[in-house]
Amino acid sequence: PAARPPEAARSRLPRGPSAPPQPAEAGPCGSAAAPARRQRGGRRGGPGRSSCAAPAGEMGLEPLFQAWSYFRRRKFRECADVCSQLLERPPGEQVAGVGPYFTFYFILIQAAWNLKTRALTEMVYVDEIDMDQEGIAEMILDENAIAQVARPGTSLKLPGTSQGGGPSPAVRPVTQSGRPITGFVRPSTQSGRPSTMEQAIRTPRTALTARPITSASGGYVRLGTASMLTNPDGPFINLSRLNLTKYAQKPKLAKALFEYIFHHENDIKNALDLAALATEHAQFKDWWWKVQIGKCYYRLGLYREAEKQFKSALKQQDMVDTILYLAKVYLRLDQPVTALNLFKQGLDRFPGEVTLICGIARIYEEMNNISSAAEYYKDVLKQDNTHVEAIACIGSNHFYSDQPEIALRFYRRLLQMGVYNCQLFNNLGLCCFYAQQYDMTLSSFERALFLAENEEETADVWYNLGHVAVGIGDLNLAYQCFKLTLVNNNDYAEAYNNLAVLEMRKGHTEQARALLQTASSLAPHMYEPHFNVAILSEKVGDLQRSYTAAQKSEEAFPGHVDTQQLIKQLKEHFAML
């Protein structure tokens with residue numbers, strides 16, 4: 001049979017677009033959407049004065065009101081500075097204009113301490129619900145596996161076993177963990193479960209991988225050390241000298257102190273001790289403390305203990321956040337079906353809750369059930385038609401389903417909503433090209449290059465421009481675009497593969513072989529480099545190398561027909577020998 005043409009890697013939409021949260025419009029007092037307040041007259045019948053606009057220093061309590069105003073306007077550094085000045089003043093100056101009563105001084109000190117603690121916490125606060133990164137240690141040294149060989153459709157480690165009619169890897173690129181590239185960057189899309197230790201160690205060097213370079217615990221430690229920059233003179237609270245039992249008996253102070261220890265200092269052990277003492281003081285009736293204990297257990301890797309705490313908190317108070325925390329535990333235990341059932345039970349109690357519907361869609365997407373994920377993302381848009389993640393994921397799904405015109409409508413919707421970044425214009429350029437709207441293609445890519453914030457984004461744009469050049473038949477332009485891709489990102493496996501295809505067209509066999517070997521080593525999860533190596537080796541008569549590469553291609557993409565035919569042909573050759 002005639003030799004088959006080599007296969008090029010498909011064009012890809014970079015995962016995005018994602019927009020930073022837009023600040024709300026400032027209200028009358030400078031806070032977000034603060035309600036207008038009636039000005040009250042002075043104590044002696046004088047004219048009224050707004051507490052937000054009052055100059056500090058006229059009364060002893062005025063600086064505290066100013067610090068509270070800073071806090072409400074999210075100016076946490078200014079708030080902490082004002083509170084520090086209050087705490088450093090001598091007692092006689094603290095209560096000027098109020099009276100020589102020690103009670104007022106103590107209350108003022110307590111309020112300033114509490115407010116500064118909250119301000120320092122907010123400066124480094126990260127939402128635990130979305131903060132979910134698995135590193136090498138968490139994945140390879142995982143002792144919470146339920147079954148080594150999971151049933152199809154019940155594990156995130158084998159996402160390809162439960163395909164729900166979505167595009168194949170021949171159309172939609174996949175990550176190194178086997179999951180299709182999503183339309184939105186989030187922590188769960190950056191995590192993948194490597195199958196071997198070699199793959200786990202090699203992956204961080206290839207950049208743009210599906211997993212962070214180090215363990216999650218290391219990342220949390222760096223968060224804790226970075227938070228020390230908020231206090232150049234040293235820590236605000238000396239945790240080693242704290243009497244946690246005393247603070248646990250004061251619920252209002254204890255909650256602020258716990259969040260400071262957990263988020264700012266990243267001292268999970270002391271935070272867990274404080275939470276245990278506080279929930280014991282509350283006679284185990286406060287659901288909030290149970291949730292915090294569960295968060296500590298989760299951070300320490302004690303997932304079964306965290307599950308018990310979250311379930312107990314749900315019995316006392318049904319909260320959406322607690323459901324999301326419990327679902328995170330099940331996902332870490334590789335039980336996506338249990339997490340799906342939990343989300344669906346939560347929807348029965350909280351109908352139309354966007355975060356729960358979005359959680360279901362994310363799980364289906366990670367399990368490679370693209371059609372079900374798209375349906376749930378559409379349900380998200382029925383409840384919130386400005387949900388950026390749902391719009392981006394549906395648009396990406398339509399693009400890879402050979403419906404670029406419909407995808408273009410979704411990305412235009414994002415542009416109308418105010419999302420203005422490199423990823424969006426890159427996606428718009430690809431959609432315009434495949435929808436045959438050539439007048440907007442190059443202008444969109446030019447805008448994407450202008451908005452690129454780093455070399456990885458620039459590499460994505462040049463790579464897609466190379467595909468546009470291949471589509472219009474300008475192979476010289478395509479060659480230059482792929483070269484520029486490698487200039488910006490030297491680990492771009494798809495560019496190496498496509499450059500090898502162009503070299504094969506020119507008859508440069510050795511250069512093509514070297515480029516394909518580089519591409520296959522950088523991205524062993526892609527089937528195109530292995531298939532092209534098999535085709536090239538067969539042409540030059542190296543049947544053994546061709547058979548080995550074809551087997552790797554079949555392992556990466558079992559449904560690839562050309563690979564199966566090539567293997568069958570090679571087996572016939574070997575049988576004749």
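How close do the axes of helix H15 and helix H16 come, and at what angle do they cross? I looked that up first, keeping in mind that this is a predicted model.

**Entry: H15 and H16**
I took H15 as residues 354-366 and H16 as residues 370-383; their axes come within 8 Å and cross at roughly 165°. Angles over 145 degrees count as roughly antiparallel, so I logged H15 as roughly antiparallel to H16. The crossing is left-handed. For the contact I wrote down the H15 side as Val 354, Ile 357, Cys 358, Ile 360, Ala 361, Arg 362, Tyr 364 and Glu 365. From H16, the residues include Ile 370, Tyr 376, Tyr 377, Asp 379 and Val 380. Sorted by class, I get 11 nonpolar, 2 polar and 3 charged residues there.

**Entry: H20 and H21**
Next I checked H20 (residues 438-451) against H21 (residues 455-472), whose axes come within 9 Å and cross at roughly 165°. That makes H20 roughly antiparallel to H21, and H20 passes H21 in a left-handed crossing. H20 brings Thr 441, Leu 442, Phe 445, Ala 448, Leu 449 and Leu 451 to the contact, while among the H21 partners I noted Glu 457, Val 461, Trp 462 and Leu 465. The class tally here is 9 nonpolar, 3 polar and 1 charged.

**Entry: whole protein**
Then I zoomed out and got 27 helices and 0 strands. Of the 577 residues, 50% are buried. I also looked at contacts with a separation of 6 or more: 61% of them join residues 24 or more positions apart.

Notes: Residues numbered from 1 in each chain as written. Predicted model: local features only at pLDDT ≥ 70, side-chain atom pairs only at ≥ 80, totals over all residues. Heavy atoms only, no water. Helix = DSSP H or I, 4+ residues; strand = E, 2+ residues; numbered from the N terminus. Buried < 20%, exposed > 50% of the residue type's maximum accessible area, 1.4 Å probe, protein only. Contact = heavy atoms within 4.5 Å. Axes fitted to C-alpha atoms, helices over the stretch in contact; angles between N-to-C directions. Parallel < 35°, antiparallel > 145°, perpendicular 65-115°, else oblique. Left-handed = near helix turned anticlockwise from the far one by under 90°. Nonpolar A, V, L, I, M, F, W, Y, C, P; charged D, E, K, R; others polar.
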